[in-house]
Amino acid sequence: MKLTGAQALIKSLEMQEVEVLFGLPGGAILPVYDPIIDSPIRHILVRHEQGAGHMAEGYAQVTGRPGVAMVTSGPAATNIVTPLCNAYMDSTPIVVITGQVASTAIGTDAFQECDTTGITMPVTKHNWLITDAQDIPRVVKEAFHVATTGRPGPVLVDLPKDVANAPMDWYWPDIVDLPGYKPTTRGHPRMIREAARLIGESHRPVIYAGGGILKAHAAEALRELVDMTGIPVVTTLMARGAFPDSHELCLGMPGMHGNYTAVTSMQKCDLLIALGSRFDDRVTGKVSAFAPDAKIIHVDIDPAELNKVKRPDVPIVGDCRLVIEEINKAIRDQGGTEAQPDRSAWIDQLRTWQKQYPLHYEQPETGNTLKPQFALERLRDNAPDDTILVAGVGQHQMWSSQYWRFEEPYTWVNSGGLGTMGFAVPAAVGAKVGQPGKTVWAVDGDGCFQMTAQELVTAATERIPIKVAILNNAYLGMVRQWQELFYEERYSEVYLSPHLPDYKMWAEAMGCEGMRVESPEEVDAAIDKANGIDDRPVVIDFRVDYREKVYPMVPAGGSNDDIILDPSQGEGGR
Amino acid sequence: MPAPARHHTLSVLVENKAGVLMRVAGLFARRGFNIYSLAVAPTDDERFSRITIVLDVESAPLEQVTKQLFKLIPVVKISELDPSSAVERELMLATIKAEPAARGQVIELVNVFEGTIVDVGHDEITVMLAGRPDKLDDFEDLMRTYEIVELQRTGRVALPKLERQAPRLRSVKGA
């Protein structure tokens, strides 16, 4: 069967069971947009290419399937670099297809030409510049394989216009042949036995669960490990939902804005069981002072993560689910629950900390002051059980992670590693497309919202009814917090204004329901109304107290032992 | 250029595809690893090329370098070649000032180092020298007396040393 390169590309995406493309056409990708009309694949027309990338990420994070974005060459390709980098940092599988100028024009500074594969090389797991239409099915199959296996990540396929127009003989490859790509998924049996032995000897262990748990679909295996051993769990920003917050052994989020117990449990533990986590600087604080007494078991599918930051006593390369299942088996072989030492003193200690130093804020009972945490708690308590929460980056993101109760995997979407402001709205659109049956709430800051709000036009047009709660404190709040604490309250370029833009009017102009909430007593009614709307996106502008800061906090570069609590809670455990 | 006191040689087998060198070099740049020298050429199997990288080990732990390198999809195999267990060679071309009065001395030194004169001008000669990198260093040093006009070294290529043991009988195919 003779096809054009463009037809072969779309057919290859169909073979990969792609159900939706997020994209925006332009000159170099024009040939590929023609066969989309005849394809069952849904196309969602974004308003900015960055939006397409983040939508693909949101889609991937809630479905576990790769998100696909398609844009043209030059500025479109550079606009999608941010999502690529974001997906790279958070190991999110997305496939980005970019148009390129004709191969004969490459290197001539042609209109809308840029070196897309060169620019994206550092922020993709791999990328391809296709030079022969006959290669298209093979490359697409390789691209999806690389994006979704091993440590997942973004890939990019660059397709010159003449290659898209060229004829090819259709085929679909049976196998992927990449001699340099063979991810290790099975953990080393001796290391697994050793891990089980160390667990059985530990008196103050803690599991440091990372995003790898979700990537590997290891939540159930983790649950089994915890139920068998009684070991408490911290869930990193990327792993919220990987272990239910309601479980009595869930300690919540560690790190720079983690809660006291989660942070301190890692500092005081004698065994740190890192599962799919990467000792990020936002978790460890000052590395030399991090978990000083702990032996470390580190499980990761990416060998380069082992011994990158901390030297593990037991390094295990492998898929988190497979490895945890093997560890569970080894623990059973070594006597199971009965063989575990008595850890009641440790658990009691954790309970004491939890009682002494809970998350804390004070919502005044009278007056119009609305605390952002209060708005979030009301949102949480009124949201349907399986709600997906999406956040941008900054204070609102930390409060979201702290105050939400995540019970199920894949219900939390945020930009962890790169910290991309503006992530929330497009990622929420992608999440809603991936899980149309679930309520999707985006919690956003006013600064973030202004970066990508135009994708609400996409959402309104395509009838993707996401809900957006702007915690509007009229500041770049996290920057303001640092300036207040570390720059002697010298506020440099952080004020935004609560009224400009008028978020309610802006939402309405974009085809959304717009609301404004200025006092605590208006909160519930607005949330109820928003939850009742299912035919268009909703935006609530919560006017929140700009003085509120995110606590606890470990100052950047400081030791986790120097955690700062909310000022009303005194000096903490020191 | 004196050889670094502490270096490691990585022999990296890569798929012979466009842009692979850029992937490898880019990785070194963005992870802050310093390359001392780099040589690349196709192998006897045309699907693969071999990149020989001499690495300044002060700049990064070797383990991290090799692990990150191995994550590149076109990288098929990485061998670490410890200088003591590898055969390393390098090629140098050097144009040396050699006016008639000095020419005899220069040629004599070239002969001592088993170099070859590949080009002769009125008062300059171009010499080719292949050998162990430290031998090239010595030669370069000696030539400074006569003024080096231009000098180009290839960066080293290396293969593991063969184990010294009694020859084994090997089947000879197609003989």
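A salt bridge here is a side-chain nitrogen of Lys or Arg within 4 Å of a carboxyl oxygen of Asp or Glu. Keep in mind that you are looking at a predicted model.

**Exercise 1. Salt bridges**

Find how many salt bridges the whole structure holds over all chains, then examine the pair Glu19(A) and Arg65(A).

Solution. 
- Step 1: Searching the whole structure gives 45 salt bridges over all chains.
- Step 2: Glu19(A) and Arg65(A) form a salt bridge through their side chains, with an N to O distance of 3.1 Å.
- Step 3: Now locate the partners. Glu19(A) lies in the loop between α1 (5-15) and β2 (20-24) of chain A, and Arg65(A) in the loop between α3 (49-63) and β4 (67-71) of chain A. The two residues are 46 residues apart, so this pair links distant parts of the chain.

**Exercise 2. Where two chains meet**

Describe the interface of chain A and chain B: which residues take part, and how many salt bridges cross it?

Solution. 
- Step 1: Chain A brings 20 residues to the contact and chain B brings 17 residues.
- Step 2: About 1,500 Å² is buried between chain A and chain B, and carbon and sulfur atoms give 55% of this area.
- Step 3: The rule finds 1 salt bridge across the interface. Its partners are Lys71(B) and Asp302(A), whose closest N and O atoms are 2.5 Å apart.
- Step 4: Between the two chains there are also 6 residue pairs in polar contact.
- Step 5: On the side of chain A that touches chain B, sort the residues by type: 9 are nonpolar, 5 polar and 6 charged.

**Exercise 3. A sheet and its helices**

Trace the open sheet of 6 strands in chain A and work out which strands stand at its edges.

Solution. 
- Step 1: Follow the order β11-β10-β9-β12-β13-β14 in chain A, where the pairing is parallel.
- Step 2: β11 (250-252) and β14 (314-317) of chain A each have a single partner strand, so one side of each is left without a neighbour in the sheet.
- Step 3: On average, neighbouring strands are turned by 20° against each other, direction ignored.
- Step 4: Zoom in on β13 (residues 295-300) of chain A, which is joined to the parallel β14(A) by 4 bridges. In this pairing, His298(A) stands opposite Pro315(A).
- Step 5: Helix α11 (residues 219-229) of chain A touches β9 (205-209), β10 (233-235) and β12 of chain A, at about 170° to the direction of β9(A).

Notes:
Residues numbered from 1 in each chain as written. Chains lettered and ligands numbered in written order. Predicted model: local features only at pLDDT ≥ 70, side-chain atom pairs only at ≥ 80, totals over all residues. Heavy atoms only, no water. Contact = heavy atoms within 4.5 Å. Buried area = accessible area lost by both parts, 1.4 Å probe. Polar contact = N/O pair within 3.5 Å; in protein donor to acceptor, adjacent residues only side chain to side chain. Nonpolar A, V, L, I, M, F, W, Y, C, P; charged D, E, K, R; others polar. Pairing = 2+ DSSP bridges. Axes fitted to C-alpha atoms, helices over the stretch in contact; angles between N-to-C directions.
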